[in-house]
Amino acid sequence: MTNWEIIKQTSVQGVVEYSVSDGICGERTFSYDFSTLTEAREKLKELVEQDKENKEWNDGLKLRDDWEAMRRRQQEEDR
């Protein structure tokens, strides 16, 4: 899961902006910029939900892969 966070910053022009980011500047891979905190919070909520869904899906794949590997080992032992 990604550790999303909201970062408040002020542009060179003095405008307050909010970024939803997966890390600090220079270390992040994704960020989404917004002009209001409300918009940033909505995006953060969406991203956290997506991460939960992806984790559940990936956990299901791992279980399936583990089961397939166990089945193949059993077939080899039965030969």
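Two aromatic rings, taken from Phe, Tyr or the six-membered ring of Trp, count as a pair here if their centres lie within 6.5 Å. In this predicted model, that rule gives 1 aromatic pair. The partners are W4 and Y32, whose ring centres are 6.1 Å apart; their planes meet at 45°, so the pair is classed as tilted. Because W4 belongs to the segment before β1 while Y32 lies in strand β3, the pair ties together parts that are 28 residues apart in sequence.

It is worth looking at each partner in turn. W4 has a relative accessible area of 15% and is therefore buried, the cut-off being under 20%. Y32, at 29% relative accessibility, counts as partly exposed. The ring of Y32 also has a charged neighbour: the charged end of K43 sits over it, 4.5 Å from the ring centre.

Leaving aside residues up to four places away in sequence, F34 touches E17, Y18, V20, E39, A40 and K43. For one of these, Y18, the C-alpha atom is 5.2 Å from that of F34, although the two residues are 16 apart in sequence.

The remaining strands can be followed from there. Strand β1 (residues 5-10) pairs with strand β2 (residues 16-21) in the antiparallel sense, over 6 bridges. Within this pairing, Q9 stands opposite E17 of β2, and E17 is also among the contacts of F34. The two strands form a hairpin with 5 residues between them, and G14 in the turn has a positive phi of about 85°.

Terms used:
Residues are numbered from 1 along each chain as its sequence is written. This is a predicted model: local features need pLDDT of at least 70, side-chain atom pairs count only at pLDDT 80 or more; totals for chains, interfaces and linings use all residues. Side-chain values use heavy atoms; hydrogens and water are left out. Contact means heavy atoms within 4.5 Å. Two strands pair if DSSP finds at least two bridges between them. Helices (H or I, at least four residues) and strands (E, at least two) are DSSP runs, numbered from the N terminus. Rings of Phe, Tyr and Trp (its six-membered ring) pair if their centres lie within 6.5 Å; planes under 30 degrees apart count as stacked, over 60 as edge-to-face and the rest as tilted. Buried means under 20% relative accessible area, exposed over 50%, partly exposed in between (1.4 Å probe, protein chains only). A charge sits over a ring if NZ of Lys or CZ of Arg is within 6 Å of the ring centre and within 35 degrees of the ring normal.
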